[in-house]
Amino acid sequence: YVSDLHVNHHVPFVKNQLKWEQRTRGWVRKLSQNKEADVLVIAGDFSEFNQQSLWVLETFRESYEFVLFVLGNHDYYILSPTQYKQYGDSSGRVHELIRKAAEIPKVLPLNGHIVEIEGKRIAGESMWYFPQNEADWSFYYERSNDSKHIYINSGQYDVSSVDVPPYFLHDKSMTWYKWLEDIPIDLMVSHMPPVHPPTSPHELNGCYHTKVPFLASDQWICGHQHLKTIFEKAGTTFYMNPIGYPDEKITPTIETITI
């Protein structure tokens, strides 16, 4: 399991597509060279570019029988007028990525889905956060890039356009998650943690985790906070294993658990 790849920070975009692809695939092959399992779970934040994310998934499939994933907040980013014109909004970008990823044999998008592998049920969603107070909203506007790069063209909410993503995405996540309450799940996967990790360097901030009414599984893989840790809370064991940004100097490994 792994999360927060941020591949475009390790292998930046170059106009020469062949060179960019070769470098991306080489980076992934190096990461997966010491594999110890047949199933890889990726807990979001691939790249700001769909094509690079698809190269990542295709290359991981060379080493793993199944590759399962949820999307992170960076997978929703629209960075340029060209991307906005191509996708319309962040939802358009996400829909393309999920659709094309699902065409790769045994690559299974988990966002809002349950899959069963060898009798084990695995469920996943991004599990979007929602700012809880004035301090959270201030952080969202002033420090979070989500407010600058995520666009949702929805008339469903009577709020300003910059506010729409947290309302829309959190509501979508929670609507699906509440449906899970009576369904036995062996492993839950999300990008945002459903609880605030005890070792987090971040203050209790509603943009770093989401609140849920129950914990759907005894084992949970998540990311978002760039913490490499395992901890327990309310009877659930949480696993976090990011790659992170190059300047964070996190040891880039893929970790293994048994479910």
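Reader: What makes the backbone nitrogen of Phe49 and the side chain of Ser47 a polar contact?

Author: The backbone nitrogen of Phe49 lies 3.0 Å from a polar atom of the Ser47 side chain. A polar contact is a pair of N or O atoms within 3.5 Å; within protein, one must be able to donate a hydrogen and the other to accept it, and residues adjacent in sequence count only if both atoms are side-chain atoms. The distance of 3.0 Å is within that limit, so the pair qualifies. The side chains of Ser47 and Gln52 are likewise joined by a polar contact, at 2.8 Å. The model is predicted: local features need pLDDT of at least 70 and side-chain atom pairs pLDDT 80 or more, whereas totals for chains, interfaces and linings use all residues. Residues are numbered from 1 along each chain as its sequence is written, and side-chain values use heavy atoms, with hydrogens and water left out.

Reader: Which residues is Ser47 in contact with, leaving aside its neighbours within four places in sequence?

Author: Contact means heavy atoms within 4.5 Å. By that rule, Ser47 touches Asn8, Gln52, Ser53, His74, Asp75 and Arg93.

Reader: What makes helix 3 mostly covered?

Author: Nine of its eleven residues are buried. Among them are Trp55, Leu57 and Phe60, along with Gln52 and Ser53.

Reader: What makes a set of residues a nonpolar core?

Author: A nonpolar core is a set of buried Ala, Val, Leu, Ile, Met, Phe, Trp, Tyr and Cys residues joined through side-chain atoms within 4.5 Å. The largest such core has 43 residues, and those touching the most other members include Leu5, Trp27, Ile42 and Phe46. Helix 3 gives the largest share, five residues. Beyond its neighbours within four places in sequence, Ile42 is in contact with Val2, Leu5, Leu57, Phe60, Val67, Leu68, Phe69 and Val70. A second, separate core holds 18 residues, including Ala123, Met127, Tyr177 and Cys222.

Reader: How many disulfides does the structure hold, and why?

Author: A disulfide is a pair of cysteine sulfur atoms within 2.5 Å. The closest cysteine sulfur to that of Cys207 is in Cys222, 17 Å away, so the pair is too far apart for a bond. Both residues are buried: Cys207 has 4% relative accessible area, and Cys222 has 1%.

Reader: What makes the strands 1-2-3 a sheet?

Author: Two strands pair if DSSP finds at least two bridges between them. Strand 1 and strand 2 are joined by five bridges and run parallel, so they meet the rule. Val39, for example, stands opposite Phe66 in strand 2. The sheet is open, with three strands in the order 1-2-3 and parallel pairing. Strand 1 and strand 3 (107-109) are its edges, because each has a single partner strand. The twist averages 20° from one strand to the next; axes are lines fitted to C-alpha atoms, for helices over the stretch in contact, and angles run from 0 to 180 degrees between N-to-C directions.

Reader: What is the order of the open sheet of six strands?

Author: The order is 4-5-6-7-9-8, with mixed pairing. Strand 4 (113-117) and strand 8 (229-233) are the edge strands, as each pairs on one side only. Five bridges join strand 4 to strand 5 (residues 120-125), and the two run antiparallel; Glu116 has Arg121 as its bridge partner. Strand 8 and strand 9 (236-240) are also antiparallel, with five bridges, and Phe231 stands opposite Phe238. Helix 8 (164-179) lies across strands 4, 5, 6 and 7, at about 160° to strand 5.

Reader: What is the phi of His6, and what is that of Lys249?

Author: Most residues other than glycine have a negative phi. His6 has a positive phi of about 45° although it is not a glycine, and Lys249 has one of about 55°. His6, at 1%, is under 20% and therefore buried. Lys249, at 72%, is over 50% and therefore exposed.

Conventions
Helices (H or I, at least four residues) and strands (E, at least two) are DSSP runs, numbered from the N terminus. Buried means under 20% relative accessible area, exposed over 50%, partly exposed in between (1.4 Å probe, protein chains only).
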